[in-house]
Amino acid sequence: LLLFLRFSISMMKTANIFIKQALLSFLLLISLTCFSQSIDSAWMNKYLKEYYVDTGTYLPDVTLYGKNGAVTTLKNYRGKLVYIDIWASWCGNCIIRFPHSKQLRKRLAVFGLDTLIQFININVDDTSQKRRKAMKKYNPEGISLYSGDTSIYTIWNISLLPRYILLDTSGKILAKNMEAVS
């Protein structure tokens, strides 16, 4: 893995945007699916398939709101890889993983890949007051949005929180049931 990373770093200086995005996708998926620094090929062959599926499908549109209540959709973030973290303030597992996302962003910055990915946190189930309090206290990495209602669970087929989704630059789902960053 270290040899691969060294080779990747040397390629970053001369690679075009598509090669960088492919490399970033690979490194991000590895980071999200590994619980340690060592990776064996049997583990990769068995488990990576569960998390990486080029479905060719897009997440159905839902109305999302920004900090000041501005209406937006995920279509506005096309052109970059999009890492979505769906969370709620009552979800302890969601909250304890915010620092891991910050660490991932720092790791990507080392390779110059942090500009190719957009971290988006989508808060669900919380009142405006609870959401603001949690965001001020925990300061999640990236753009913070919220869903106006709980229909997002049904529309995106979400059964548990936290939920992590990775979209490619055109908005297609690359991974929908990813493990948390660790």
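Which exposed residues does the face of α6 turned away from its buried side carry? I found Gln129, Arg132, Lys133, Lys136 and Lys137 there. Before going on I noted that this is a predicted model, in which local features need pLDDT of at least 70 and side-chain atom pairs count only at pLDDT 80 or more, while totals for chains, interfaces and linings use all residues. Residues are numbered from 1 along each chain as its sequence is written, and side-chain values use heavy atoms, with hydrogens and water left out.

**Helix α6**

For the terms, I took buried as under 20% relative accessible area, exposed as over 50% and partly exposed as in between, with a 1.4 Å probe and protein chains only. Helices are DSSP runs of H or I with at least four residues and strands are runs of E with at least two, numbered from the N terminus. On the buried side of α6 I listed Arg131, Ala134 and Met135. Seen down the axis of α6, the buried residues fall within an arc of 100 degrees, so they line one face of the helix; the arc is that of the directions from the helix axis to the C-beta atoms. An α-helix has 3.6 residues a turn, so residues three or four places apart point the same way. The cover over the buried residues of α6 includes β3, β4 and β5, where contact means heavy atoms within 4.5 Å. Just after α6, I noted that Asn139 takes a positive phi of about 45 degrees.

**The sheet**

I then traced an open sheet of seven strands with mixed pairing, in the order β2-β1-β5-β4-β3-β6-β7; two strands pair if DSSP finds at least two bridges between them. Its edge strands are β2 and β7 (173-175), each of which pairs on one side only. β1 and β5 (residues 143-147) pair in the antiparallel sense over two bridges, and Tyr65 stands opposite Tyr146 in β5.

**The nonpolar cores**

A nonpolar core is a set of buried Ala, Val, Leu, Ile, Met, Phe, Trp, Tyr and Cys residues joined through side-chain atoms within 4.5 Å. The largest has 28 residues, and those with the most contacts inside it are Leu74, Ile84, Ile86, Ile122, Trp156 and Leu161. Among the elements that each supply at least two residues of this core are α4 (92-96), β4 (117-123) and α6 (128-138), while β3 gives the most, with four residues. When I left aside neighbours within four places in sequence, the contacts of Ile86 included Cys94, Ile122, Trp156 and Leu161. Apart from this core lies another, of 14 residues, among them Leu81, Tyr83, Ile117 and Tyr164.

**The disulfide**

How many disulfides does a search of the whole structure find? It finds one, taking a disulfide as a pair of cysteine sulfur atoms within 2.5 Å. Cys91 and Cys94 form it, with their sulfur atoms 2.4 Å apart. The torsion about the S-S bond is about 80 degrees, so the disulfide is right-handed. Cys91 is buried because its relative accessible area is 5%, and Cys94 is buried as well, at 0%.

**Two single residues**

Is Asn68 buried or exposed? Asn68, in the loop between β1 (64-65) and β2 (71-72), counts as exposed because its relative accessibility is 79%. Gln118 lies in strand β4 and is buried, with a relative accessible area of 15%.
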